[in-house]
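Okay, everyone, thanks for coming. Let me put the chain up on the screen and then walk you through a few spots in it.

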Amino acid sequence: MAAASAAHRHSKRCRLSPVPLDSPADELLFLVLDRVAAADPRALKSFALASRACHAAESRHRRVLRPLRADLLPAALVRYPSASRLDLSLCARVPDAALAAVPSSGSSSLRAVDLSRSSGFGAAGIAALARACPCLADLDLSNGVHLGDAAAAEVARMRKLQRLSLSRCKQVTDMGLGCVAVGCTDLKDLSLKWCIGITDLGLNLLALKCTKLTTLDLSYTMITKESLLSIIKLTNLQVLTLVGCIGIDDDALSSLEKEYSKSIQVLDMSHCQNVTDVGVSSVVKSIPNLLELNLSYCCPVTPSMVRCLQKVSKLQTLKLEGCKFMADGLKAIGSSCVSIRELSLSKSAGVTDTELSFAVSKLKNLLKLDITCCRNITDVSVVSITRSCTSLISLRMESCSHVSSGALQLIGKHCSQLEELDLTDSDLDDEGLKALTGCTNLSSLKIGICLRISDEGLTHIGKSCPKLRDIDLYRCGGISDDGVIQIAQGCPMLESINLSYCTELTDRSLMSLSKCTKLNTLEIRGCPRISSAGLSEIAMGCRLLSKLDIKKCFEINDVGMLYLSQFSHALRQINLSYCSVTDIGLLSLSSICGLQNMTIVHLAGITPNGLIAALMVCGGLTKVKLHEAFKSMMPLHMLKNVEARGCMFQWINKPFKVLYIFFQPACLPLRYV
């Protein structure tokens with residue numbers, strides 16, 4: 001009998017044994033896995049458990065590794081030998097020992113490593129990484145405030161590096177940069193933003209050795225004219241960023257007139273407050289092939305400055321945010337920059353109807369226009385924009401408070417190619433939304449604080465804009481569940497929605513949004529009628545949810561947290577302040593391994609012991625906001641332990657306030673907010 005049973009089991013195993021996957025089948029299977037991963041990354045794990053062949057195929061298919069803990073790194077690299085990118089952004093702390101444990105046999109295919117959100121490693125860890133990954137081409141060490149010249153010297157051993165970010169590595173000096181310049185001569189993309197220890201000496205050596213550079217970010221460094229000339233001479237340089245460089249002034253820029261750069265296409269000198277129109281004139285003489293120029297928060301815009309831009313015949317993008325326009329300055333843009341396709345005037349002073357109308361009437365090729373907070377413009381400007389710029393794909397005009405609802409209707413009627421529209425804090429009404437029904441390519445719509453819109457307007461959007469991915473309805477008090485349901489049903493590609501302080505919404509809205517499977521960002525702050533029942537539907541239906549704000553959703557309790565812990569494994573950021581969550585809910589939420597950012601202020605049901613337990617369990621945290629009252633209740637050694645893992649505490653000293661929230665005739669019980 002036993003022999004017969006064993007024979008039966010052997011026969012069954014033979015029938016179920018997988019057929020080996022050949023190369024063409026692998027290619028087809030990988031295409032399927034790509035689509036599965038896009039819909040729900042956790043589905044790949046289920047696929048891998050289906051059979052040995054599926055497990056092997058999934059191992060060969062995966063190209064990006066994103067481990068939750070640094071100690072899992074060696075095993076992950078062995079299991080996924082074809083991985084080319086290692087993303088450690090979920091690991092708040094990556095000690096040298098973890099990088100030293102990386103097996104060279106399991107990491108030979110790695111081409112990119114991201115350590116931009118990790119701490120705890122130093123020169124020894126980078127040295128181990130260099131030994132284990134000889135073919136590394138992309139390394140991101142941004143925010144490595146603890147890294148110095150010794151670490152930079154180890155980076156120099158990575159001879160095949162083509163992209164390197166040392167942003168905010170403030171301890172790196174000219175000595176460290178010199179090592180990198182000599183060792184990594186194949187560099188094409190380098191960021192030294194906020195490397196305040198680097199001076200002209202290091203930058204001159206960089207220009208001498210790294211001649212293949214195409215992208216260079218020197219924002220907030222100590223660069224002056226002594227090295228600027230050498231940088232400009234780089235024959236392959238295409239993108240140069242000099243944001244906030246106080247050493248860049250008219251004198252430095254005038255020295256460029258002796259040189260001529262044919263390669264630079266993008267130049268960002270925003271926040272260079274020592275530059276005037278004289279310096280800008282020098283720039284355009286020496287860099288005539290510019291496609292994009294950013295002078296935001298720089299010098300006043302005068303007609304003479306703009307006229308010199310005529311020498312840049314190929315200019316397509318001009319950003320002048322926060323600048324002061326002198327008389328006829330904006331008119332000069334229309335006359336001198338006819339090739340412009342993108343114009344940003346956000347928060348600029350001196351933008352008037354007369355000048356803006358003239359400028360847009362000349363800029364026939366304009367595709368993107370930003371006039372955010374240009375508070376002096378009226379209907380006159382909107383009429384000109386919609387008449388002259390019918391091919392616009394992006395229009396941002398937040399807080400243009402003097403534009404009427406009637407004028408806003410013209411946008412939808414005449415600019416049917418729009419993909420991005422920002423009318424936040426405007427006089428927009430339902431008729432204006434109805435006019436947008438022809439904008440079928442709309443993917444981003446921001447209409448927060450538009451107090452005149454209702455469900456009727458949202459119904460028009462839901463029926464006409466199937467490609468919508470991002471909608472902002474912040475403080476739109478006139479909408480209810482019916483409007484949100486129309487958006488959810490008509491916009492299946494929705495990824496982000498802000499419903500904060502839309503106080504009439506209930507769980508019906510969340511139940512409809514749970515069908516939007518690509519939703520990753522949900523903000524429902526200050527929606528007191530929403531409860532755990534609605535949140536549980538979101539957790540089960542929106543498996544890609546990564547950012548959640550439920551502050552002041554008083555009816556959300558531990559039940560909602562239990563559902564999130566079970567289904568929302570992609571959750572990275574959550575705001576729980578003022579909810580009805582207790583220790584039980586917080587502990588269950590802490591089981592989400594990838595959770596990085598929590599705000600838990602004024603939770604009456606949380607005790608010091610419960611908070612301590614949650615913080616100890618949630619090992620991936622990088623930032624936690626807590627009320628200052630907890631600071632004295634928690635053991636100092638525990639706080640230091642959590643901080644040692646890479647977590648930063650922000651203590652909030654915000655007093656309780658009392659608020660009555662009225663629904664119908666009745667009133668909710670007294671709430672703390």
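Let's start with S348, which sits in the loop between β12 and α16; helices here are DSSP runs of H or I with at least four residues, strands are runs of E with at least two, and both are numbered from the N terminus. Before I go on: this is a predicted model, so local features need pLDDT of at least 70 and side-chain atom pairs count only at pLDDT 80 or more, while totals for chains, interfaces and linings use all residues. Residues are numbered from 1 along each chain as its sequence is written, and side-chain values use heavy atoms, with hydrogens and water left out.

So, is S348 buried or exposed? S348 is buried, because its relative accessibility is 6%, and buried means under 20% relative accessible area, exposed over 50%, partly exposed in between, with a 1.4 Å probe and protein chains only. Its side chain reaches the backbone oxygen of L345 at 3.0 Å. Setting aside neighbours within four places in sequence, S348 is in contact (heavy atoms within 4.5 Å) with L320, E321, G322, C323, F325 and C374.

Staying in this part of the chain, have a look at helix α15, residues 329-336. Six of its eight residues are buried, so the helix is largely enclosed by the rest of the structure. Those are G329, L330, A332, I333, G334 and S336. What do they pack against? The partners are α14 (303-307), β11 (317-319), β12 (342-344) and α16 (353-362).

On the annotation side, an unreviewed UniProt entry has "domain: F-box/LRR-repeat protein 15-like leucin rich repeat" over residues 104-309 and 312-512. The positions are in the numbering used here, feature names are shortened, and such annotations may be inferred rather than shown by experiment. Over 312-512, the chain is 35% helix and 12% strand, with the end C-alpha atoms 51 Å apart.

Next, N441, in the loop between α19 and β16 (444-446). N441 counts as partly exposed, at 26% relative accessibility. Its side chain makes a polar contact with the side chain of K467, at 3.0 Å; that term is a pair of N or O atoms within 3.5 Å, where within protein one must be able to donate a hydrogen and the other to accept it, and residues adjacent in sequence count only if both atoms are side-chain atoms. Not counting residues up to four places away in sequence, N441 touches Q417, L418, E419 and K467.

D425 has a positive phi of about 55° although it is not a glycine. You'll find D425 in the loop between β15 (420-422) and α19 (430-435), and it is partly exposed, with a relative accessible area of 32%. K552 also isn't a glycine, and its phi is near 65°, a positive value. K552 lies in the loop between β20 (547-549) and α24 (558-567).
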